[in-house]
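Work through the exercises below with the sequence and the model in view. Try each task before you read its solution.

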Amino acid sequence: MGSLAIPLVLWGRDPPTHDISCILLTKDVKTLVTASRDGQICVWDFDPPKLKMVPRVLLVGHSAAVSCLAESSSSTSSVRTIASAAQNG
């Protein structure tokens, strides 16, 4: 039996623009991460053969433009981590 997950994002009078400032494609080529000048990060499920992208989650937290994204993984664990940095530190 499948499950349904509905993401909910709230914002003020104007919706976010998600003006992309950097992009990361994970090593397994199944996840695409975009970051914006608004400080948001969007994680996408990516299907390369079909060139299909489905948004998974929108992350907020930076108060300035995101300037870089990096992927990290451990040789002893299957956990992958995405790190981000913004222009204001």
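**Exercise 1.** In which strand does Thr-34 lie? Then decide whether Thr-34 is buried or exposed, and find what its side chain joins.

*Solution.* A note on the basis: this is a predicted model, where local features need pLDDT of at least 70, side-chain atom pairs count only at pLDDT 80 or more, and totals for chains, interfaces and linings use all residues. Residues are numbered from 1 along each chain as its sequence is written, and side-chain values use heavy atoms, with hydrogens and water left out.

Step 1: Thr-34 lies in strand β2. Strands (E, at least two residues) are DSSP runs, numbered from the N terminus.
Step 2: the relative accessible area of Thr-34 is 2%, so this residue is buried. Buried means under 20%, exposed over 50%, and partly exposed in between (1.4 Å probe, protein chains only).
Step 3: the side chains of Thr-34 and Trp-44 are joined by a polar contact of 3.0 Å. Such a contact is a pair of N or O atoms within 3.5 Å; within protein, one must be able to donate a hydrogen and the other to accept it, and residues adjacent in sequence count only if both atoms are side-chain atoms.

**Exercise 2.** Which residues form the largest nonpolar core?

*Solution.* Step 1: a nonpolar core is a set of buried Ala, Val, Leu, Ile, Met, Phe, Trp, Tyr and Cys residues joined through side-chain atoms within 4.5 Å.
Step 1: the largest one has 7 residues, namely Cys-22, Leu-24, Val-33, Ala-35, Ile-41, Val-66 and Leu-69.
Step 2: at least two residues of this core come from each of β1 (20-25), β2 (31-36) and β5 (66-73).
Step 3: look at Leu-24. Leaving out residues up to four places away in sequence, its contacts (heavy atoms within 4.5 Å) include Val-33, Leu-69 and Ile-82.

**Exercise 3.** Is Val-79 buried or exposed?

*Solution.* Step 1: find Val-79 in the loop between β5 and β6 (80-86).
Step 1: its relative accessibility is 52%, so Val-79 counts as exposed.
Step 2: beyond four places in sequence, Val-79 touches Ser-72, Ser-73 and Ser-74.

Definitions and conventions: Helix = DSSP H or I, 4+ residues; strand = E, 2+ residues; numbered from the N terminus.
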